[in-house]
Amino acid sequence: MRMRRRLSSAITVLTVASSLALTSVAAAPADASVPAARASAAAAAVKVLATPPPRYAAVPPAGISCWGVAKSPVTLACKIGVSLQGRPIIAARQGKASAPRVLVVSGQMHGEEWPGPLVVDRIRRLTISPASTAQIWTVRTMNPDGGARGHRFNARGVDLNGNFPNNWIHQPRGPRYAGTRPLSEPESAAMARFLTWIQPTLIISLHGFSQMVDTTGGGLRAARARAFSQLANIGPAHPVPCGGPCHGNMTDWYTATSRVHGVAFTVEMPHSSLVPRACNVPGHRKRIPVVDCAAYAAYYLAERL
Ligand SMILES: [Zn+2]
């Protein structure tokens, strides 16, 4: 256990060092005073770093099948699982598999929360430059059965945000029913399988409707959450208490188990998600619907992870 922790720390240090090296070398102006040996070493480093290895295995794990998508900003689509009632759960990728910054936007976990899927629709229309160091994966809904009938739970009455393995506890049937065991539900199992495969740098999990961004956990997770809150003009950004320890939610689970020290936070979209308001994303600083601004904010953040 201890060794695993040390190894992942080493990987993080390497990852951070690599991205810093890439940034500083790319940003440095040509300088005739740099000795030739150092300059060629820097050029070699750029050459290596220009094509970073994919963050995840090219071949998806069992239970996930992928296919290329032509003539669309989305380049790859994957069926990551099937709901209880047989609806496919789809993840779509924009950008290259080799791009080191990996963002996942989860559009919907609770079926009555409608703004998140609209944010995903807008993200999927954004074109990512072939030179981008970011890739964005979107899951429009991980609860298609609940979404089809505008219902919070899956078809078995489970709140999927209590069904992940982190600190899972049994809850009686009712509004907090968390299933019979961790990942007992095909929808949460699909999402866990997918996230374990691609190991995102950041997950933005969209919900509704209390209009805030959750900074629980502090550190990088809270910093990312605050940045999104400011860009998308969705606030306040603060920790959301669970009334005691949190049980079985996806963002805590991923943040605790990511092999690349990726983090995840929750956004509560407002009821007024279709109403224009000021957007703080550079290049989009005007009054636009919240769902549009949230899409631009996610994209902006992906490029800067
Ligand atoms: Zn929700």
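**Exercise 1. Backbone exceptions**

In which strand is Phe 209 found?

*Solution.* Phe 209 is found in strand S6. Helices (H or I, at least four residues) and strands (E, at least two) are DSSP runs, numbered from the N terminus. The model is predicted, so local features need pLDDT of at least 70, side-chain atom pairs count only at pLDDT 80 or more, and totals for chains, interfaces and linings use all residues. Residues are numbered from 1 along each chain as its sequence is written, and side-chain values use heavy atoms, with hydrogens and water left out.

Step 1. A cis peptide bond joins Gly 208 and Phe 209, with omega about 5°.

Step 2. Go to Pro 236. It sits in the loop between helix H6 (219-232) and strand S7 (237-238). The peptide bond from Gly 235 to Pro 236 is cis, with omega near 10°.

Step 3. Turn to Lys 71. Its place is the loop between strand S1 (65-68) and strand S2 (76-82). Lys 71 is not a glycine, yet its phi is positive, about 55°.

Step 4. Most residues other than glycine have a negative phi, and most peptide bonds are trans.

**Exercise 2. The zinc site**

Name the donors of the zinc ion and describe the site.

*Solution.* Step 1. List the donors: His 110 (ND1), Glu 113 (OE), Glu 113 (OE) and His 207 (ND1), at 2.0 to 2.5 Å. Donors are N, O and S atoms within 2.8 Å of the metal (3.2 Å for Na, K and Ca); water is not among the atoms, so sites may look incomplete.

Step 1. Read the spacing. In sequence the donor residues follow H-x2-E-x93-H.

Step 2. His 110 is in the loop between strand S4 (101-106) and helix H3 (115-123), and His 207 is in strand S6 (residues 202-214). They are 97 residues apart and link distant parts of the chain.

Step 3. Classify the geometry. The angles among the 4 donor atoms are 56 to 151°, and the site is irregular. Four donors count as tetrahedral if all angles lie between 85 and 135 degrees; four count as square planar and six as octahedral if opposite donors are over 155 degrees apart and all others between 65 and 115; anything else is irregular.

**Exercise 3. Two helix pairs**

Describe how H5 packs with H7, and how H6 packs with H8.

*Solution.* Step 1. Take helix H5 (residues 186-198) and helix H7 (residues 250-257). Their axes come within 11 Å and cross at roughly 30°. That makes H5 roughly parallel to H7. Axes are lines fitted to C-alpha atoms, for helices over the stretch in contact, and angles run from 0 to 180 degrees between N-to-C directions. Angles under 35 degrees count as roughly parallel, over 145 as roughly antiparallel, 65 to 115 as roughly perpendicular and the rest as oblique.

Step 1. Find the contact (heavy atoms within 4.5 Å). H5 gives Met 191, Ala 192, Leu 195 and Thr 196; H7 gives Met 250, Trp 253 and Tyr 254.

Step 2. Take H6 and helix H8 (residues 290-302). Their axes come within 9 Å and cross at roughly 135°. H6 and H8 are therefore oblique to each other.

Step 3. Find this contact too. From H6 come residues including Arg 224 and Phe 228, and from H8 residues including Cys 293 and Tyr 300.
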